Structure formats: structure tokens, C-alpha cells
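Subject: Structure for your review

Dear colleague,

Please find below the structure that I am handing over to you. My findings follow it, and I would be grateful if you read them with the model open.

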Amino acid sequence: MTTPVLAAADAPAVTRTIDARGSFCPGPLMELIRGIREGQVGDVIAVWSTDRGSKTDIPLWVAKAGHRLVAVDTQDGYDEIVVEKRR
């Protein structure tokens with residue numbers, strides 16, 4: 001099931017994918033934070049996670065950190081959380 005945060009036409013293209021499948025909390029979030037730190041403003045990062053908490057934890061952190069949540073999408077066996085670096 002897809003939960004788009006932005007309309008498909010407004011969603012930016014993913015520039016980096018972090019495959020955190022098999023990693024447990026807080027692993028996927030920590031990998032995203034590292035990716036955000038290494039990236040440039042405007043980068044769009046997709047995190048693939050099998051950890052159930054990522055669907056809640058990552059969007060909460062994204063809002064707190066001042067970035068933009070693009071989408072949360074449930075794939076076959078994992079979640080894809082897409083984030084745009086804003087600052």
C-alpha cells in the first residue's frame with residue numbers, strides 16, 4: 001500500500017537508495033541520518049526497511065530535523081520511506 005505524501009507529479013526522483021532491509025531499530029534511521037549528512041540539499045533518499053518501527057520513527061525524525069517526507073510505500077516484504085534533504 002502506498003501512502004504518498006506528495007502527488008506523483010510533484011514527487012522528486014530518488015537520488016540515493018539505502019538498503020537497510022534486515023537491520024533493526026535504530027539501524028535504518030541511523031543509516032538515513034548518515035545519508036542525510038553525506039548528501040546535498042535537494043537529495044532524495046529512499047530507505048528500504050524491514051523493521052516495522054521505521055514507518056513511524058523515520059517520518060517523526062524527518063519532521064523534527066526539518067527535512068521533507070516524500071512518501072511511505074509498502075513493498076513486497078519491506079517499506080520504502082522517501083525523504084528529501086531540505087537543509
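Is Asp79 buried or exposed? Asp79 counts as buried, because its relative accessibility is 9%, and buried means under 20%. Please bear in mind that this is a predicted model.

**Overall layout**

The chain contains two helices and five strands. Following the sequence, these elements occur in the pattern β-β-α-β-α-β-β. Of the 87 residues in the chain, 44% are buried. Among contacts with a separation of 6 or more, 65% are between residues 24 or more positions apart.

Asp79 lies in strand E5. Its side chain makes a polar contact with the side chain of Thr74, at 3.1 Å. Leaving aside residues up to four places away in sequence, Asp79 touches Val47, Trp48, Ser49, Lys55, Asp73 and Thr74. Asp79 and Thr50 are separated by 29 residues in sequence, yet their C-alpha atoms are 6.3 Å apart.

Glu80 also belongs to strand E5, which covers residues 79-84. Glu80 is buried and has no salt bridge; Arg21, the nearest side chain of opposite charge, is 9.4 Å away. The side chain of Glu80 does make a polar contact with the side chain of Trp48, at 3.0 Å. With residues up to four places away in sequence again left out, Glu80 touches Ala46, Val47, Trp48, Ala71, Val72, Asp73 and Gln75.

**The two helices**

Helix H1 spans residues 27-38 and helix H2 spans residues 54-65; their axes come within 10 Å and cross at roughly 35°. The crossing is right-handed. On the H1 side, the contact is made by Pro28, Leu29, Leu32, Ile33 and Ile36, and on the H2 side by Ser54, Ile58, Trp61 and Val62.

Leu32, in helix H1, deserves a separate look. Leu32 counts as buried because its relative accessible area is 0%. Not counting residues up to four places away in sequence, Leu32 touches Ile58, Trp61 and Val62, as well as Ile18, Ile45, Val47 and Val83. Leu32 and Val82 are 50 residues apart along the chain, and their C-alpha atoms are separated by 10.0 Å.

In the loop between strand E2 (16-19) and H1 you will find Pro26. The peptide bond from Cys25 to Pro26 is cis, with omega near 5°.

**Salt bridges**

Side chains of opposite charge can pair when their charged atoms come close. How many salt bridges does the structure hold? There are three salt bridges.

- Arg16 pairs with Glu38, with the closest N and O atoms 3.1 Å apart. This pair links distant parts of the chain, as Arg16 is in strand E2 and Glu38 in helix H1, 22 residues apart. Arg16 is partly exposed, with a relative accessible area of 35%.
- Asp19 pairs with Arg21, with the closest N and O atoms 2.7 Å apart. Asp19 is partly exposed at 41% relative accessibility, and Arg21 is partly exposed with a relative accessible area of 38%.
- Arg68 pairs with Glu84, with the closest N and O atoms 2.2 Å apart. Arg68 is partly exposed, with a relative accessible area of 22%, whereas Glu84 counts as buried at 13% relative accessibility.

Yours sincerely,

A colleague

Definitions and conventions: Residues numbered from 1 in each chain as written. Predicted model: local features only at pLDDT ≥ 70, side-chain atom pairs only at ≥ 80, totals over all residues. Heavy atoms only, no water. Helix = DSSP H or I, 4+ residues; strand = E, 2+ residues; numbered from the N terminus. Buried < 20%, exposed > 50% of the residue type's maximum accessible area, 1.4 Å probe, protein only. Lys, Arg positive; Asp, Glu negative; His and termini not counted. Salt bridge = Lys/Arg side-chain N within 4 Å of Asp/Glu carboxyl O. Polar contact = N/O pair within 3.5 Å; in protein donor to acceptor, adjacent residues only side chain to side chain. Contact = heavy atoms within 4.5 Å. Axes fitted to C-alpha atoms, helices over the stretch in contact; angles between N-to-C directions. Left-handed = near helix turned anticlockwise from the far one by under 90°.
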